[in-house]
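Reader: I have a structure open and would like to go through it. Can you take my questions one at a time?

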Amino acid sequence: MTAGDNEKFEQFAAILTAELLDRTRKSLELLTPEEQPAAKLPFALTPSFQEIYAELVRVGIFPVLLSRRPVRAIVGDVDWPRDGRDYLLTVLDDRSNAVFTAWDYAWDALWDERKVGADGGASAPAKKQGFFASLFGRKAKPETKTAEQSGEGDVMAGLYTMLNEQAERRGYLPLFHDDIKVLKGLVRVKPARIFKAWKEINQYHHQEFYLSGQDQAKPGVTSECLQKWHYNLPDRIGEFLVLKAAVDMEFVNKPFIGKYIRQSARTQEEAEKGMPYLATYWKSMNQSAAAQG
């Protein structure tokens, strides 16, 4: 790679990094409740998590993403200082683009527990341990082996375990293992879409509960709007938006959320599987939240 090629790649990498960090940061900020919650919040909906997420992306995701050949091929002959961001946005609008594929690959490599075998296959986990040490300020502790894992070597704490240690220490609800969908899915959501969803939910909440007479919206429109966005946004993102409404909106209280959950799932088991954070938060909401109904 020539000096000119190196410079062009560095320009591309800077624009890509800035765009994806800005996009995911704004989305997390828009999903984070502003009012005092009535129960423990999911770790993913806190300012503490936003900081960790940004550092994870900078240190653990981008080096892998930028090393992938299909991503490096995007550099092309684009004048990156002049046209780079506009060109990049057209690339990212294709939902199967190389950036998103590499992004998923990088997250998957960090998320799961890695087995360290006795045959010398410890190099990748060792690198990961060093990454966690730099991020969390200490080395990852080996996990306790299960019966199925006996004889297969030690199991190192993956990102999922490390993040949940942080959640517990700070007093937040831990992540679920399939929350990797959330962390990967954030990059595919334009913050403007979350902003539009929240604005619409606010509008219906105001019209249903604060206006009267001909200006008042029919009963149930807030719930209908929440369901619309709950199921049209990616995995967990819509659920987080409903949970934000439960914290920030006066009339989206415990009775409202209980009814919403019953209407959105056929059984309690289905509700807890399909919207586990909302179901957990609803169960934990205090009686003062219920009394508002």
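**Salt bridges and helices**

Author: To begin with, Glu270 is partly exposed, having a relative accessible area of 29%. Keep in mind that this is a predicted model.

Reader: Ok. Which residue does Glu270 form a salt bridge with?

Author: Glu270 pairs with Arg266, and the closest N and O atoms are 2.9 Å apart. Arg266 is exposed, with a relative accessible area of 76%.

Reader: Why would side chains pair at all?

Author: Side chains of opposite charge can pair when their charged atoms come close.

Reader: What does Arg188 form a salt bridge with?

Author: Its partner is Asp104, with the closest N and O atoms 2.8 Å apart. This pair links distant parts of the chain, 84 residues apart. Arg188 sits in the loop between helix 8 (180–185) and helix 9 (191–209), while Asp104 belongs to helix 5 (residues 98–111).

Reader: Is Asp104 buried or exposed?

Author: Asp104 counts as buried, because its relative accessibility is 17% and the cut-off for buried is under 20%. Arg188, at 22%, counts as partly exposed.

Reader: New topic. Where is the kink in helix 4?

Author: The kink is centred on Asp86 and is about 25°. Helix 4 covers residues 80–92, which is 13 residues, yet its end C-alpha atoms are only 15 Å apart. A straight helix would reach 18 Å at 1.5 Å a residue.

Reader: Which residues in helix 4 are buried?

Author: Trp80, Gly84, Leu88, Val91 and Leu92 are buried there.

Reader: Last one. At what angle do helix 2 and helix 7 pack?

Author: Helix 2 (residues 47–67) and helix 7 (residues 159–170) pack at about 155°, and their axes are 11 Å apart.

Reader: So are they roughly parallel or roughly antiparallel?

Author: Roughly antiparallel, because the angle is about 155° and angles over 145 degrees count that way. Helix 2 passes helix 7 in a right-handed crossing.

Technical notes
Residues are numbered from 1 along each chain as its sequence is written. This is a predicted model: local features need pLDDT of at least 70, side-chain atom pairs count only at pLDDT 80 or more; totals for chains, interfaces and linings use all residues. Side-chain values use heavy atoms; hydrogens and water are left out. Helices (H or I, at least four residues) and strands (E, at least two) are DSSP runs, numbered from the N terminus. The expected span of a helix is 1.5 Å times one less than its number of residues. The bend at a residue is the angle between axes fitted to the seven residues ending there and the seven starting there. Buried means under 20% relative accessible area, exposed over 50%, partly exposed in between (1.4 Å probe, protein chains only). A salt bridge is a side-chain nitrogen of Lys or Arg within 4 Å of a carboxyl oxygen of Asp or Glu. Axes are lines fitted to C-alpha atoms, for helices over the stretch in contact, and angles run from 0 to 180 degrees between N-to-C directions. Angles under 35 degrees count as roughly parallel, over 145 as roughly antiparallel, 65 to 115 as roughly perpendicular and the rest as oblique. A crossing is left-handed if the near helix is turned anticlockwise from the far one by less than a right angle, and right-handed if clockwise.
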